[in-house]
Amino acid sequence: MSVSAIRYYEARGLVTPVRTSGNQRRFARSDIRRLSFALIAQRLGLTLTQIETELATLPRSRAPARQDWRRISMRIRGTLRAKIEMLERTRDLLDGCIGCGCLSLDRCVLYNPVDRASRAGAGPRFLLGDRPGDFGPIGPRRAGGSQKA
Ligand code: FES
């Protein structure tokens with residue numbers, strides 16, 4: 001991790017080094033874990049506010065123990081699960097219709113006829129968790145809305 005990144009986290013109060021008589025910073029070994037959590041949490045898309053909130057729950061007077069980190073793990077589990085599911089959908093669906101409204105792929109007529117996925121809102125609905133079947137039967141529509149035989 002770059003010195004500037006460590007200074008940044010220090011300035012945000014995520015780590016609090018002590019100063020030597022020579023005014024050098026000294027970090028506790030447990031700060032390696034705090035900074036590692038901050039680094040990976042940012043890469044996973046957690047906001048700095050989320051990271052600060054979580055790290056603020058850790059004890060300051062002692063090195064955080066396993067149960068301290070377990071509490072954080074339980075709290076962010078839902079966020080991580082949602083990110084994993086989005087990553088899996090993107091991995092599995094990106095070569096097909098993602099329900100974005102472009103109607104540019106041959107599959108769009110099957111999975112998102114007349115961009116009906118837009119009823120659920122903007123963006124690539126099928127990557128965001130909606131399913132083609134949520135908006136009606138899957139398959140090409142005839143003029144007037146009936147299903148092709
Ligand atoms: S990929 Fe955009 S609507 Fe199908």
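Val109 is partly exposed, with a relative accessible area of 44%. On the scale used here, buried means under 20% relative accessible area, exposed means over 50%, and partly exposed lies in between (1.4 Å probe, protein chains only). The structure is a predicted model, in which local features need pLDDT of at least 70 and side-chain atom pairs count only at pLDDT 80 or more, while totals for chains, interfaces and linings use all residues. Residues are numbered from 1 along each chain as its sequence is written, and side-chain values use heavy atoms, with hydrogens and water left out.

**A nonpolar patch**

Val109 sits in helix H5, which covers residues 108–111. Helices here are DSSP runs of H or I with at least four residues, strands are runs of E with at least two, and both are numbered from the N terminus. Together with Leu110 and Ile138, Val109 makes a nonpolar surface patch of about 230 Å². A patch is built from residues with over 30% relative accessible area and no salt bridge; like charges are joined within 9 Å, and nonpolar side chains (Val, Leu, Ile, Met, Phe, Trp, Tyr) within 5 Å. The areas come from the Shrake-Rupley method with a 1.4 Å probe, and for residues only the protein chains shown count as cover.

**After helix H5**

Now follow the chain into the segment after H5, where you will find Val114. Val114 has a positive phi of about 45°, although it is not a glycine. Asp115 belongs to the segment after H5 too, and its phi is positive at about 50°, again without being a glycine. Is Val114 buried or exposed? At 74% relative accessibility, Val114 counts as exposed. Asp115, at 18%, counts as buried. Arg116 is also found in this segment and is buried, with a relative accessible area of 5%. The C-alpha atoms of Arg116 and Gly101 are separated by 8.4 Å, and the two residues are 15 apart along the chain.

**How the helices pack**

Next, look at helix H2 (residues 30–43) and helix H3 (residues 48–55). Their axes are 10 Å apart and they pack at an angle of about 150°. That makes H2 roughly antiparallel to H3. For these values, axes are lines fitted to C-alpha atoms, for helices over the stretch in contact, and angles run from 0 to 180 degrees between N-to-C directions. Angles under 35 degrees count as roughly parallel, over 145 as roughly antiparallel, 65 to 115 as roughly perpendicular, and the rest as oblique.

How do H3 and H4 pack, and at what angle? H3 and H4 meet at about 150°, with their axes 10 Å apart, and are therefore roughly antiparallel to each other. The crossing of H2 and H3 is right-handed, and the crossing of H3 and H4 is right-handed. A crossing is right-handed if the near helix is turned clockwise from the far one by less than a right angle, and left-handed if anticlockwise.

Arg43 has its place in helix H2 and, at 66% relative accessibility, counts as exposed.

**Salt bridges**

Side chains of opposite charge can pair when their charged atoms come close. A salt bridge is counted when a side-chain nitrogen of Lys or Arg lies within 4 Å of a carboxyl oxygen of Asp or Glu. By this rule the count comes to eight salt bridges, including those in the table.

| Salt bridge | N to O distance |
|---|---|
| Glu52 and Arg12 | 2.5 Å |
| Arg62 and Asp68 | 2.8 Å |
| Asp68 and Arg71 | 2.7 Å |

Which parts of the chain does the pair of Glu52 and Arg12 link? The pair links distant parts of the chain: Glu52 is in helix H3, and Arg12 is in the loop between helix H1 (3–11) and strand E1 (18–19), 40 residues apart. Glu52 counts as partly exposed at 22% relative accessibility, and Arg12 is partly exposed with 36%.

Arg62, Asp68 and Arg71 are linked in a network of salt bridges. Asp68 counts as buried, at 4% relative accessibility. Arg62 counts as partly exposed at 41%, and Arg71 is partly exposed with 47%. Because Asp68 and Arg71 are three residues apart in helix H4 (residues 66–93), they are separated by about one helical turn.
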